Amino acid sequence: MAQAEQAAQPADLHTLLRSPGYRRLLLLSALAGIPISLIAFAFVALQHAMQHGVWVSLPHAFGRSAAPWWWPLPCLALAGLLVAWVVVRLPGRGGHVPVDGLGGAPTLPSQLPGVVLAALVGLSLGAVLGPEAPLMALGGGLALSTVRSAERAEVPQLGAVLATAGAAAAISTIFGNPLIAAVLLIEAAGIGGPRLYALILPSLLASGVGALVFTGFGSWTGLGIGSLTLPLAQPTAQPDAGDFLWGVPLAVLIAVGAAGAMALARRAAVWTARRTVRRTVLCAVLVGVCAAGYALATDRAPDEVLLSGQATLAAVATDPHAWPVSALLLLVLFKGLGWAISLGSLRGGPIFPAVLLGAALGLACAGLPGFGVVPAMAAGMAAAATAALRLPVSAVVLATLLLGRDGTDQIPLVVIAAVVAFVTGELLRRRSPAAAEGG
């Protein structure tokens, strides 16, 4: 039976590729990738500019060299109020709740204003989230707008494929690489054979065009939105026995911590579903309290706890010895709490804060006998990305891209850490019926 199915697949694939309708779909996906990537670039650039204004320019305007410890409290209160207003008043409730992951139903064009507004205000004012989920929703909604609603109703598969291709074009913007977009979509789809090719070819084509346009447009305008590859200051070498000895329990620890954070996030999501405005504002203020507590305890900037963590991750990788172990552990504690609350109450993506948390905990453990700095960060990032995504292959690709060319020696450790974190997380989910029902 299996051999018959395998024999039938190539014929189905050839029929699919010869179909004029599917060829038009590929062309439409490629063409859609151009405007979608430009709009996604504008979204990320605007979000970075707003974030810089709130956390750098405004404190300077008040005569401060950096944001004071109390700064997150009014910023997050305003973020909670604005996000709650979008959730209550605009179509689409500002997009899906981040604790549900990156997936969800395709975003309709009518829902895009709410998704964009909720993400811009939340991410700029300090939500402990990344822009990847809103970007995917933005790309999917823009792609759906290229076909009429009557056509989407007549051919539902057309809308699903176009939405996925648009999401791939947008997500390749923030990751700066179409590879992670393609792998993430393949793994998240959970399908194979001709169905996989039917979905992934338009997505791969759109993400490739999007990444190409994004790279050229960024060079032309001079607008920077950050680099995915970390500037590792430490020399890298093949991981040894000590790295694996400590890397495995580190992955288990991260998976357990992530499971606890997700459980808290699901509770926050249920709690804010009723009396949305009041409770969303309260949750946002609690995120601000986490940042203020970290700043008071460490005398460091409160925005290290807030925001996506991409800039802080680069700072950790560039000069890891500038971070005392106590500061790293407090960062993991306060940012982890802020991340969990943000996942259940605000709008954004789960990936980048999780990666920073994994890197920080790994670096805090790097003083253990035989555990190197780069291997510790590599194992931590892979385990945390796996715990946040529940997609181990995508997490391995993401961690490898973050480490860059100089970190390719760490790939065996990255793979093992991702697998250990995935197995641990799934076993914990199986033990908790409430977690399994939460998604």
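This is a predicted model: local features need pLDDT of at least 70, side-chain atom pairs count only at pLDDT 80 or more; totals for chains, interfaces and linings use all residues.

Trainee: How many helices and strands does the protein have?

Mentor: It has 18 helices and zero strands. As for contacts with a separation of 6 or more, 80% of them are between residues 24 or more positions apart.

Trainee: What about the accessible surface of the protein?

Mentor: That comes to about 18700 Å², and carbon and sulfur atoms account for 66% of it.

Trainee: Where is Leu307 placed?

Mentor: In the loop that runs between helix H11 (276–298) and helix H12 (310–318).

Trainee: And is Leu307 buried or exposed?

Mentor: Buried. The cut-off is under 20% relative accessible area, and Leu307 has 7%, so Leu307 counts as buried.

Trainee: Which loop holds Arg390?

Mentor: The one between helix H15 (373–389) and helix H16 (392–403). Arg390 is not a glycine either, and its phi is positive, near 60°.

Trainee: How does Arg390 count in terms of accessibility?

Mentor: Its relative accessibility is 33%. Partly exposed covers the range between the buried limit of 20% and the exposed limit of 50%, so Arg390 is partly exposed.

Trainee: Let me recap: Leu307 has a positive phi and is buried, while Arg390 has a positive phi and is partly exposed.

Methods:
Residues are numbered from 1 along each chain as its sequence is written. Side-chain values use heavy atoms; hydrogens and water are left out. Helices (H or I, at least four residues) and strands (E, at least two) are DSSP runs, numbered from the N terminus. Contact means heavy atoms within 4.5 Å. Accessible areas come from the Shrake-Rupley method with a 1.4 Å probe; for residues, only the protein chains shown count as cover. Buried means under 20% relative accessible area, exposed over 50%, partly exposed in between (1.4 Å probe, protein chains only).
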